[in-house]
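Notebook open, viewer open. I'll jot things down in the order I looked them up.

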Number of protein chains: 2
Amino acid sequence: MQRAIGVIDSGVGGLTVAYELMRQLPKEKLIYIGDTKRCPYGPRSEQEVRAFTWEMVSFLLEKNIKLLVIACNTATAFTLKELQDKLDIPVLGVIQPGARAAIKWTKNNQVGVIGTEGTIRSNAYKDALESINPAITVDSLACPMFVPMVEQGIMFGEKAESVVKEALKPLKNNKIMDTLILGCTHYPLIKNTIQKEMGANITIISSSEETARETSALLSMHHLLANGNKKPTHEFYTTGELKIFSKISETIFKKSNFKRVRIEKAMI
Amino acid sequence: MQRAIGVIDSGVGGLTVAYELMRQLPKEKLIYIGDTKRCPYGPRSEQEVRAFTWEMVSFLLEKNIKLLVIACNTATAFTLKELQDKLDIPVLGVIQPGARAAIKWTKNNQVGVIGTEGTIRSNAYKDALESINPAITVDSLACPMFVPMVEQGIMFGEKAESVVKEALKPLKNNKIMDTLILGCTHYPLIKNTIQKEMGANITIISSSEETARETSALLSMHHLLANGNKKPTHEFYTTGELKIFSKISETIFKKSNFKRVRIEKAMI
């Protein structure tokens, strides 16, 4: 029996991480759980986020996962270290891979970060960047309109462009920034619109892509990569409405991948 | 006493990996050894490469390194698995990080790899790419002229452009390839010339940049990142001519970094 990569998220944002895991690691089986019933985690207390996260982790550990991806910025900020210390499987969050990619890309150490209010207020990206390279200057901006917009299915076109343009104005004033981290797992869905607004000279880092790439490295280093060439069937669970979760999943995954996804309701 | 990252190479190519480690991890101390006396490893037997590699590894283990980077493609191909199994510190090679980055970047699974004759013959990149994603098509090309050219200090200008143009002709016929891996640690020094020849639509992957970035991930996951803000002084060793090694190091490192490099001859 092939052991799976476990993915947890407060809801549907982590589906962009799941999409990248399927694309970059097509032989790996995923088991995903999204806590849509109690989403968003951003405004919740640390105690609540830690309790909900542990419930999802226990659910996945029973399914014998071989590696855990915390595909939620808030949960990463509050529980990464604890989970790394307590679990005997490798654990990866979404914050550090994006930070490391930005450090690789920036030529002048001027990095921007956009995310939810909670993520920006936590300074998690700023801390991750500066702890590795103290010479980096971080320009952070909360974009509270982006998640609700994406969840309504507005990702490109006139309306999306105007929301993105308005939100990014403060960053456009920064004339030396050369790299921008999408510090929220919803944002890769509007990456093209953001790139168009920021201009081709800014390197945009998707934390979802980078997290999938580091998952690949981690699996390899722990000799946990899947063998054989059988295409896996993925298990996705939601704590909330099955219909809405399925619809959003179908939008995010390409058709061929969605065929190999089984979605169920999780009772946790 | 701060523990260092150990870097081994058959000679000077690995200096591009060292340069990237200094740039992406400015707080980390490096101890590098280049076996310039017995370079290149490409034409040597597996037995010889393994014996030489172990000599360098023993030299670094005595200096209490916390992580080992094998910054040489040939040594990676022959010894990575053995070193990962036998050492109780994390070990990273130069092949897998480049392969994982290419998998992240390619949009159509058409990937090119250039390297020395030995590396291309070993199929190490092809194997690494296909073992993760069997749908990837790999177009490999040996460029035996590049290393001698770079070692003569010819990296841009008319002469470099004409050598690069001639060598890359077979790859230019591949009209669907969208990503090209520089599968030799010398090649990042002529990245701009290669990019110019291949055109802006091809994503060029530097295995040196990617190896440094994954070193950062590995240090973090093992809780081995350096603390404090003191700038380290790096130790570089060569088994060959001190003068030549120093001159090449000075060319590769920027002035400010070179000031913090101490170069000595190693007796192994």
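I began with strand β7 (residues 179-182) of chain B, which pairs with β8(B) in the parallel sense over four bridges. For my own record: helices (H or I, at least four residues) and strands (E, at least two) are DSSP runs, numbered from the N terminus, and two strands pair if DSSP finds at least two bridges between them. Within β8(B), B:Ser206 is the residue opposite B:Leu182.

Before going on, the ground rules. This is a predicted model, where local features need pLDDT of at least 70 and side-chain atom pairs count only at pLDDT 80 or more, while totals for chains, interfaces and linings use all residues. Residues are numbered from 1 along each chain as its sequence is written, chains are lettered from A and ligands numbered from 1 in the order in which they are written, and side-chain values use heavy atoms, with hydrogens and water left out.

Zooming out, I get an open sheet of four strands in chain B, ordered β6-β5-β7-β8 with parallel pairing. Its edge strands are β6 (137-142) and β8 (203-206) of chain B, each pairing on one side only. From one strand to the next the twist averages 20 degrees. What lies across β5 (110-115), β6 and β7 of chain B? Helix α8 (residues 157-172) of chain B does, running at about 160 degrees to β6(B). My conventions here: contact means heavy atoms within 4.5 Å; axes are lines fitted to C-alpha atoms, for helices over the stretch in contact, and angles run from 0 to 180 degrees between N-to-C directions.

**Six-strand sheet, chain B.** I also found an open sheet of six strands, in the order β4-β3-β1-β2-β9-β10 (chain B), again with parallel pairing. At its edges sit β4 (91-93) and β10 (261-265) of chain B, each of which pairs on one side only. Strand β3 (residues 67-70) of chain B runs parallel to β4(B), joined by three bridges, and B:Val69 has B:Leu92 as its bridge partner there. Helix α11 (residues 242-252) of chain B lies across β2 (30-34), β9 (234-238) and β10 of chain B, at about 155 degrees to β10(B).

**Interface.** How much do chain B and chain A bury between them? I noted about 2,800 Å², 52% of it on carbon and sulfur atoms; buried area is the accessible area (1.4 Å probe) that two parts lose on being put together, summed over both. B:Lys104, B:Arg213 and B:Met221 supply 26% of the area that chain B buries against chain A, more than any other three residues. Each chain's share of the contact is 31 residues.

I then checked for salt bridges (a side-chain nitrogen of Lys or Arg within 4 Å of a carboxyl oxygen of Asp or Glu), and the rule finds eight across the interface. One of them joins B:Glu210 to A:Lys104, with the closest N and O atoms 2.5 Å apart. On the side of chain B that touches chain A, α10(B) gives the most, with nine residues.

Most residues other than glycine have a negative phi, and most peptide bonds are trans. I logged a cis bond from A:Cys39 to A:Pro40, omega near 0 degrees, and one joining B:Cys39 and B:Pro40, omega about -5 degrees. B:Pro40 is in the loop between β2 and α2 (46-61) of chain B. Last entry: A:His223, not a glycine, has a positive phi of about 50 degrees, and A:His223 is in the loop between α10 (207-221) and β9 (234-238) of chain A.
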